[in-house]
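This report describes one protein model and the surroundings of its ligands.

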Amino acid sequence: MNVYDSNRMANMLDQMGLTATNRQKDADVVIFNTCHIREKAAEKVFSDLGRAYQLKLERAEEGKDTIIGVTGCVVQAEDKQILKRAPYVDFALGPLRYFRLKEVVQEIFNKREMQLLDTEFSAISKFDLLPENKAEGGCSFLAIQEGCNNFCTYCVVPYTRGIEMSRPVEDILKEARRLADTGSVELNLLGQNVNSYHGEDINGKERNLAYLLNKVAEIDGIKRIRYTTSYPADVDDDLIACHKNLKKLMPYLHLPIQSGSDDVLKRMNRRHTKGDYLRVIEKLKTANPDIGMSSDFIVGFPGETDDDFKQTLDVVNEVKYIQAFSFKYSKRPGTPAAVMENQIEEKVKKERLQILQDLLFDYQTKFNLSSIGKVMPVLFEGKGRHARQLTGRTPYMQNLYAEADNSLLNKIVNVRITGASTNSLSGEVI
Ligand code: 5AD
Ligand code: SF4
């Protein structure tokens, strides 16, 4: 979601005649689009800001002005604190307010010496106020929903991104068509809880994610569709049917369980048990036996026992994820879990994470190795480390490197897989 937001901000700055630079010293405007999901990400912002301030001072000596801005969830969570902790920041916009970026940067250019903070939860959707989106490459993100009403007890998202809001169907289709027209062949529909999508169609009727997926699939230029992130309790039968009927829907699904223990899930305020989750996966596999699963996991949630943790490992052994993301529980201020008793020691969290990741990587490596010899359609998204090398993704989101001409960039090409490791594949273009 932050990548999507950052791209839209870059588009806005582009319209002002500001172009992106790789050389930090050249930047007249520096914007940090921030994440507050775990402590490490949030704290990094302040050290990065400190470095940007040094740069600003160095540039000032050369007579150059530098505008420093912060956007995203850290702004929302820290509110006025951010301007106190980093008083040299020129503006701070919450994640729902960055549609004002152009106006704010322009105002600062016009009249220096002003600091601006805006963290309103607006009644109008920011998406209505943003200029049109355009493709950055063959694969684009498209936000269809924002915010979350689930209130998992560890999570800051409902507080920083606000309550759940679904964009209207027609707005999304318009953006999807434009992304297709400007070069995207793959769309990843985004939301914090994307499968609870319930946007209105032109007649004011509420539609679900399955409806939207079918509509997006009708767009000729779009060849591949994904959606992220889903909530297990909100996977309905219409959505499962999409995995059977929609050829453009990729056979990969990120469906976080977080923990395999029903006790922990309950204290996390997740609206599903381990059994519910496994039944959803069973249905998905019946709809499409080739589907590969991915998940998020949190280890060391308050009160997590050795046995709770073992049940998480059991789920991994049962589902055999082809990819996964795992984290140590991180206390977030203002969330219910932060004040729960029986917080887990850092040492134990670290040990559990290591054990879990070893197991997850094992399955991921096995899956990647099983791809050798197969021919897969790969969307080439970028240049590789070597000359004449491109990187891309298989339908299963595996990273792939292959010798290929630049003309294949942003195209879907058949590749025979010749090598595999934990994190990537190599192959030959056919
Ligand atoms: N600590 C650790 N991980 C977290 N996540 C969300 N909040 C926390 C937290 N406080 C993880 C969840 C979520 C992913 C985006 O980040 O696994 O699915
Ligand atoms: Fe956070 Fe996801 Fe839970 Fe929403 S569903 S509260 S975004 S972890």
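The model is predicted: local features need pLDDT of at least 70, side-chain atom pairs count only at pLDDT 80 or more, and totals for chains, interfaces and linings use all residues. Residues are numbered from 1 along each chain as its sequence is written, chains are lettered from A and ligands numbered from 1 in the order in which they are written, and side-chain values use heavy atoms, without hydrogens and water.

**Overall fold**

The chain contains 14 helices and 17 strands (DSSP runs numbered from the N terminus, helices being H or I of at least four residues and strands E of at least two). Its radius of gyration, taken over C-alpha atoms, is 22 Å, close to the 22 Å that the globule rule (2.2 Å times the number of residues to the power 0.38) gives for 430 residues, so the chain is as compact as a globular protein of that length. The C-alpha trace spans about 60 × 55 × 50 Å along its principal axes. Of the 430 residues, 53% are buried, meaning under 20% relative accessible area, with exposed over 50% and partly exposed in between (1.4 Å probe, protein chains only).

**Ligand 1**

Residues count as around a ligand if a heavy atom lies within 4 Å of it. For ligand 1 they are Ile 37, Arg 38, Tyr 154, Gln 258, Asp 296, Ile 298, Phe 327, Lys 328, Tyr 329, Ser 330 and Arg 332. By class, this shell has 5 nonpolar, 2 polar and 4 charged residues. Strand 11 (292-299) and strand 12 (323-328) each supply at least two of its residues. Polar contacts, which are pairs of N or O atoms within 3.5 Å, are tabulated here.

| Residue | Residue part | Ligand 1 atom | Distance |
|---|---|---|---|
| Tyr 154 | backbone | nitrogen | 3.0 Å |
| Asp 296 | side chain | oxygen | 2.6 Å |
| Ser 330 | backbone | nitrogen | 2.7 Å |

The protein covers 87% of the 410 Å² of accessible area that ligand 1 has on its own (Shrake-Rupley method, 1.4 Å probe).

**Ligand 2**

The shell around ligand 2 includes Cys 148, Cys 152, Tyr 154, Cys 155 and Arg 270. It divides into 8 nonpolar, 2 polar and 1 charged residues. Tyr 154 is also among the residues around ligand 1.

**Glu 200**

Glu 200 sits in the loop between strand 8 (186-190) and helix 9 (209-217). With 45% relative accessibility, Glu 200 counts as partly exposed. Beyond its neighbours within four places in sequence, Glu 200 is in contact (heavy atoms within 4.5 Å) with Pro 168, Val 169, Lys 205 and Glu 206.

How values were computed
A polar contact is a pair of N or O atoms within 3.5 Å; within protein, one must be able to donate a hydrogen and the other to accept it, and residues adjacent in sequence count only if both atoms are side-chain atoms. Ala, Val, Leu, Ile, Met, Phe, Trp, Tyr, Cys and Pro count as nonpolar, Asp, Glu, Lys and Arg as charged, and the others, Gly among them, as polar.
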